[in-house]
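Biologist: Before we start, could you take me through a few features of this model, one question at a time?

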Amino acid sequence: MKNTTKTPLWDLDSIYPSLTSDEYRKDLESIDMLYHLLKKEVDGFHVDEDHVLRMLEAYSTLCDTHETLDAYVHALMTIDTTDSSAVQGIHDVARKGLLVKKGRTEMIHALAEKKEEIEELLPQSDVLGTYTFIITELLEEASHLMAPGEESVAYALQTTGADAFARMHEVITSTATILWDPESGERKTLTELRAMAFSPERTVRKRAYEKELELLEQQKIPLSFALNGVKGTALTLYKKRNYGDALSCALDASRISGKVLRSLIASIEQNLPLFNRYFKAKAHALSLKSLSFYDLFAPVGEMEKSYTFDEAKEIIISSLEGFHPPMGAAAAGAFSNNWIDALIREKKVGGAYCTFFPNRRESRILCNFDGSFDALSTVAHELGHAYHDSMVKDLPFTLREYPMTLAETASIFNQFIIFTETLKSSEKAERITLIDSFLQDASQVCVDILSRYYFEMSVFETVATGEASPEEFSQMMLDAQKRSYPDGVSREELHPYMWAVKGHYYSADLPFYNYPYAFGQLFSLGLYREYEKDKKGFPERFDALLSFSGQADAASVADMASCDIRTKDFWLESFSIIERYVDEFVELTGAEKG
């Protein structure tokens, strides 16, 4: 598809020229050889530091190659969900993934068989010192693994079961359309309808919301089967792997304790009245008694500014350079090297993401740029992910992989820098709009994420006893939203089909892929509070934290920046930044006068 606008498409040629290229086929075929190299180390394993290191390095090489292939085929499919060659590529790479999974399982079992010897060696070894946390984590994981053969079968079945359900959800939500204009026959996709939530016209927002619900109503049967299939698969695997529940699995993957999560959730619940002040102030600004769900993203203020992609680029680069020159340089490189696919078009998935290709030491960003400040902020967010990846790109897989809880650190920090810099030169009307945009995001990753957390808890409880109907999923979602959203948002017009919108629910490997966003938002704001307290040398400490993010549990990484995430007090201090902007928004809108 020829791009006739200045909104960029990404260039994947440096990753692979195509799915039929020699480079791609060679890497795909090399997975077998790399697995056998790892298997050789596993089969002859004995406990000395050189052998442990060789085994970990063999595993990292295997993972890096497979991750590069997997990121490439998924990148192709997300820009065209009907691309049959990309879908076949996903299947091909997934089949090779069986060997990666098998190799990991065999390696972990080999380590577990020599657990006492390894635990005796680690304190004495300078060579393995960097790997102490990772090896200890692998030994703990051994208690949650089935036999190697069972793990291989489970992975094989998942690729054609739960993963296929996830792909079905992605294809349905990116291609399904509904009639919008009976006279012209114009139809709208879900992505287009959801984009209308930002319209300044309430009649447009309401109609788009109603059409969105109508479209999802039409697709509720296949989507509910998909969600039942994913969650049913997940529960079966968690039970077989000796997890007490899905949340226990999520906590391990997040590298946090239950105490950390409870402190985080409690801090959000305690601050729901703060968000209610914002919702009521926004309703006042829009001359409404209360907000409906389709008003949450309505623009406030008189800011009519729309950004070209080039303008967004300049704002992002200059803002990041002002904070930390290497961050600005990294962003500039992403723009100049065509790492960003921002053009909205048919068959492309909605939303945004950043993906990393370890064997090329490069990232790519997908977004849907519509010229709004929110779209500009999204580009900055994804560039934060790319910067984080650049901090760990030269590390082996075992030291590079950071948990979901820390994955949003650089991205949200980037967004906040752009927000604060743009705010400095804004007039009142623009200031209201910018603050509203910040508070929209904050309410989404706190209030809405809280509803998603409650919803997923209910889903796992329900699916454990049998399949849930579409109506039951919708009722669970409404119950969760009513429990999370305060009375500043109308109970009569919530979103019962949000379970069908969010792709995060459709992953058997990533249960509760919701609270890490709240963690990331509040952790990043907590880091910014530390920056405000002592700016000297902070950017360098920030880089060190990102570089270390894959080598310890989240609490230990946070300790590097004097942030104790185990306590509710830390999270409450993060909310102090949100509170200062709620106060200003209320004042600017005059919502509480008289």
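Biologist: Which helices each supply at least two residues of the lining of the largest cavity?

Modeller: This is a predicted model, and the largest cavity in it is lined by Tyr278, Phe279, Leu296, Gln440, Ser443, Gln444 and Tyr485. Among these residues, Tyr278 and Phe279 fall within the range 272–285, while Gln440, Ser443 and Gln444 fall within 428–463. The helices that each supply at least two lining residues are therefore H13 and H20.

Biologist: From which helix does the largest share of the lining of the largest cavity come?

Modeller: The structure holds 1 cavity of 30 Å³ or more, and about 30 Å³ of space lies in the largest cavity. Its lining residues divide into 4 nonpolar, 3 polar and no charged. The largest share of that lining, 3 residues, comes from H20.

Biologist: How are helix H12 and helix H23 oriented, roughly parallel or roughly perpendicular?

Modeller: The axes of H12, residues 258–270, and H23, residues 515–533, come within 11 Å and cross at roughly 75°. Because angles of 65 to 115 degrees count as roughly perpendicular, the orientation of H12 to H23 is roughly perpendicular.

Biologist: How many residues of the contact of H12 with H23 are charged?

Modeller: On the H12 side the contact involves Val260, Leu261, Leu264, Ser267 and Ile268, and these meet Tyr515, Ala518, Phe519 and Leu522 in H23. The residues of this contact divide into 8 nonpolar and 1 polar, and the number that are charged is none.

Biologist: How many residues apart are glutamate 151 and arginine 241?

Modeller: By the distance rule applied here, the count comes to 42 salt bridges, and one of them joins the side chains of glutamate 151 and arginine 241 at 2.7 Å, N to O. Glutamate 151 lies in helix H6, residues 148–160, whereas arginine 241 lies in the loop between helix H10 (220–240) and helix H11 (246–254). The pair links distant parts of the chain, and the separation is 90 residues.

Terms used
Residues numbered from 1 in each chain as written. Predicted model: local features only at pLDDT ≥ 70, side-chain atom pairs only at ≥ 80, totals over all residues. Heavy atoms only, no water. Axes fitted to C-alpha atoms, helices over the stretch in contact; angles between N-to-C directions. Helix = DSSP H or I, 4+ residues; strand = E, 2+ residues; numbered from the N terminus. Parallel < 35°, antiparallel > 145°, perpendicular 65-115°, else oblique. Contact = heavy atoms within 4.5 Å. Nonpolar A, V, L, I, M, F, W, Y, C, P; charged D, E, K, R; others polar. 1 Å grid on protein atoms, 1.4 Å probe; cavity = no way out; pocket = protein on both sides within 12 Å on 5 of 7 lines; lining within 4 Å. Points joined across faces, edges and corners; volume = space filled by probe spheres on them. Salt bridge = Lys/Arg side-chain N within 4 Å of Asp/Glu carboxyl O.
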